[in-house]
Amino acid sequence: MLGLAACGGNATQTPGQGTQSSGAAAPAAQGEADAAVGKIYNPSDKKGGTLKLANTADWDSLDPGNTYYGYSLNFARLYGRALLMFKSAPGADGNTLVPDLAESLGKASDDAKTWTYTLRKGVKFEDGTPVTSKDVAYAVARSYDKEVFPNGPTYLNALLSWPKGYKGGMKDKDADISSAISTPDDQTIVFHLNQPFGLFDYIMQMPMTMPVPKDKDTGTKYQEHVISTGPYKFETNEVGKGFTLVRNENWDAATDPNRPALPDKIEVQVKVNADDLDNRIINGDVQAAIDGLGIGAAALPKVMGDPALKARTDNPSLQRLWYMSIIPDVEPFTNIECRKAVEFAADRTSLFRAYGGETGGEIATGMVPKTMAGYKPIELYKTADDKGDIEKAKAALKACGKPDGFETNISYRTERTKEKAAAESLQQSLAKVGIKLTLKPFPQDDYFALYAGKPAYVKENNIGIAINGWGSDYPDTYGFMQAITDSRDIRAAGNYNLSVKMPEVDKMIDQIKAEPDAAKRADLWSQIDMKVMENAVTLPVVYAKTLFIRPKGATNVFISDSQQMYDYVGMGVQQ
């Protein structure tokens, strides 16, 4: 999940053990820091009002089959229903898998190679048409096509037994996909895997299982009007400006125990200036910055210097890593010693400050976050006070045949002020050893589809380093590491693994999928982390925290461990 990504917590919830507990978290005391971390701030069940949200960028896509940003996965649950979902609850309880469109968690058979789900009865699309298993099967099939839908996850592309040469639900509309997905009746869907996978339930909470009516699918234009199955539907949608959700009269609360559906209306603006947005949240004109990135660099001193504003902050630790990809296909980074020069030259203390200092996390030394199985400290590029080692960097440059340095470009997302600050920090550090780094900003919504995640563009434009970030899709290390280290998922565009292209890592990932012992899986992830760092294809920056300003005028405010930001499903408006 992109930087966020629905993201996992620090405890592994075993599929099949999640329950829909009705026990509510204790309400938080008013007016104190971290009042929405692990508890509910301003609890209320009152309905009505308009929830106002804003985004500094445009959406990657509102189409549930073509989105992967964490905030988008969080928000999509308001208008779409996947087979399963993470419980809308604060803290670790938010990592509990619960049935959504399905009646129960999956029923595994054939040594976890076959997974069966039965749909709830009475669920309808916004036009009143009943939802059937075929609508879910079609939604998954259409998401297979990463040329048309480049942004979404690829788990099901790799796990299911698709027919040879299959091109996806839009291009092969009449193809027999029963080897991968079968629908014996309108309420039953069966997934056929090509290998055992005990964590399959976690994949079923992702938005590509939100049903899509085949006769209403407009391909790339479907994002302009997604056909809702959730409590809200799109009233307006001006791409590039914003959209409004209103109540879906064909949503039946009796079929949906997971969503309180408190606001009457939800208004979302996009492409809002980051500094202006922080001020609007402080003033209460907008309830939240939907991207979940927290307070920007300009507002940080103001917030931390004002006791009243500081008391409105929430600062949770996350299963998220901010890092940089060092692209081994772009000269001169085809030479490992040139990559090591960057590792040694980087002033990690300065990079740490770029992401907000102590409120932004702690200095990272590897890819696996500290609270996930498989974490071990890695000291390969440790320098005094984490400020870089010029002599070691120069020695690496000499070893790669570039004693006087070289020129390359670094990409980052235009709207993200902390990424710009991080790029500028690295630019200054590398300049000390003769490496000239030119900053290349790109829009967030197309960052992976058209720019940093498109290998041909990266090579043509000499992007040697790309700023990146990742959050866990679910609370298991596989849900964090696979998407950013498995080279077999790399395609023509829409990549999130930008630099880890190591066959030995791919083989170890296959070992992990087949390994039932949790301790052995963790050890394998530790080995993968070390191999990635030995190959110097990533520069880890920060094991993330995020500093949020708690919304004015909102109810049921809490940070969910699964979403790693405020949970939008539970949020209401003060009446």
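Predicted model: local features only at pLDDT ≥ 70, side-chain atom pairs only at ≥ 80, totals over all residues.
A disulfide is a pair of cysteine sulfur atoms within 2.5 Å. Residues are numbered from 1 along each chain as its sequence is written, and side-chain values use heavy atoms, without hydrogens and water.

**Exercise 1.** Determine how many disulfides the model holds, and describe where the cysteines lie.

*Solution.* 
1. The link of Cys338 and Cys400 is right-handed, with 80 degrees about the S-S bond.
2. Cys338 belongs to helix α8 (residues 336-345) and Cys400 to the loop between α10 (390-399) and β15 (407-413), so the pair ties together parts 62 residues apart in sequence. Helices (H or I, at least four residues) and strands (E, at least two) are DSSP runs, numbered from the N terminus.

**Exercise 2.** Classify Cys338 and Cys400 as buried or exposed.

*Solution.* 
1. Buried means under 20% relative accessible area, exposed over 50%, and partly exposed in between (1.4 Å probe, protein chains only).
2. Cys338 has 0% relative accessibility and therefore counts as buried.
3. Cys400, at 11%, also counts as buried.

**Exercise 3.** Locate Ser429 and list its contacts beyond four places in sequence.

*Solution.* 
1. Ser429 is part of helix α11 (residues 417-431).
2. Its relative accessibility is 7%, so Ser429 counts as buried.
3. Contact means heavy atoms within 4.5 Å; leaving aside neighbours within four places in sequence, Ser429 contacts Ala345, Ala346 and Asp347.
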